Amino acid sequence: MNPFPSLPLSTPRLTIRLLAEPDRTALFAIFSHPEVMRYWSSPPWTDLARAEKMIRNTREGYEAGDYLQLGLERTADHALMGTCTLFEINRQCRRAEIGYALGRPYWGQGYMHEALQRWVQYAFEELNLNRLEADIDPRNAASAKTLQRLGFQKEGYMRERWIVGDEVSDTEFYGLLRHDWRQQFPK
Ligand SMILES: CC(C)(COP(=O)(O)OP(=O)(O)OC[C@H]1O[C@@H](n2cnc3c(N)ncnc32)[C@H](O)[C@@H]1OP(=O)(O)O)[C@@H](O)C(=O)NCCC(=O)NCCS
């Protein structure tokens, strides 16, 4: 059985699809931008080979059924604007962690909210998960707002959990349960 059925996903403005070789320059533009990477778990990319590695990793994760990272393509002009990810997938406990990034030119236009609404629905309904988690830098106000708008609740705080370059940072941990989400966004 395909562990990640029903792809690609669509929303009014987006096609959420597997990454492929032609996406490498767009991916590099996203993940080399210092503002996009300000609170990321690794420094900004400096080498196009990182994009090729990401595409390879996403293919392998998709085939193994243990990691799903999809591209957010603006349907109107096919621009690859960002990605969203499901990782640390635990089938027994029916939970996973989510991650997301949007290229700097695309911020502030509601694209990530639109994508994540569908992403969360996909995780709960098509993949039958019960719980989603997110680990963010407490200073990342835009990301916290993005999660709160989807109904994620702040569940914990972990000190000095990350060291990126030589910067040490804390984690704010968020969680969303399927039944809470279903109450907030009824069918
Ligand atoms: C997180 C991210 C996807 C949000 O996308 P976006 O298009 O900028 O989102 P929005 O502009 O809709 O902002 C979301 C909310 O945060 C608010 N916000 C944005 N920047 C903010 C800031 N610097 N301080 C406080 N609030 C901010 C917005 O007003 C909006 O609130 P609203 O829904 O009440 O209007 C985007 O900023 C991004 O890709 N960042 C880099 C990658 C990243 O940090 N990913 C998360 C790692 S876990």
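Visitor: In which strand does Arg17 lie?

Guide: Arg17 belongs to strand E2, which covers residues 14–18. Helices (H or I, at least four residues) and strands (E, at least two) are DSSP runs, numbered from the N terminus. This is a predicted model, where local features need pLDDT of at least 70 and side-chain atom pairs count only at pLDDT 80 or more, while totals for chains, interfaces and linings use all residues. Residues are numbered from 1 along each chain as its sequence is written, and side-chain values use heavy atoms, with hydrogens and water left out.

Visitor: Is Arg17 buried or exposed?

Guide: The general idea is a set of cut-offs: buried means under 20% relative accessible area, exposed over 50%, and partly exposed in between (1.4 Å probe, protein chains only). Arg17 counts as buried because its relative accessible area is 18%.

Visitor: Which side chains make polar contacts with Arg17?

Guide: A polar contact is a pair of N or O atoms within 3.5 Å; within protein, one must be able to donate a hydrogen and the other to accept it, and residues adjacent in sequence count only if both atoms are side-chain atoms. Here the side chain of Arg17 pairs with that of Asp23 at 2.9 Å, and with that of Glu73 at 2.5 Å. For contact in general, heavy atoms must lie within 4.5 Å. Leaving aside neighbours within four places in sequence, the contacts of Arg17 include Pro8, Leu70, Gly71 and Leu80.

Visitor: How many residues has the largest nonpolar core?

Guide: A nonpolar core is a set of buried Ala, Val, Leu, Ile, Met, Phe, Trp, Tyr and Cys residues joined through side-chain atoms within 4.5 Å. In soluble globular proteins, nonpolar side chains tend to be buried together. In this model the largest core has 38 residues, and Leu86, Ile98, Trp119, Leu132 and Phe152 have the most contacts inside it. Helix H3 (111–126) is among the elements that give two or more residues to this core, and H3 gives the most, with nine. A second, separate core of twelve residues includes Met37, Trp45, Ala51 and Ala101.

Visitor: Where is Trp162, and which side chains make polar contacts with it?

Guide: Trp162 is in strand E7, residues 153–164. With 30% relative accessibility, Trp162 counts as partly exposed. The side chain of Trp162 makes polar contacts with the side chains of Asp135, at 3.3 Å, and Thr171, at 3.0 Å. Trp162 and Ser41 are 121 residues apart along the chain, yet their C-alpha atoms are separated by 7.2 Å.

Visitor: How many residues surround the ligand?

Guide: A residue is near a molecule or strand if one of its heavy atoms lies within 4 Å of it. There are 17 residues around the ligand, and the closest are Val36, Tyr100, Leu102, Gly108 and Asn140. Helix H4 (141–149) is one of the elements that supply at least two shell residues, and H4 gives the largest share, six.
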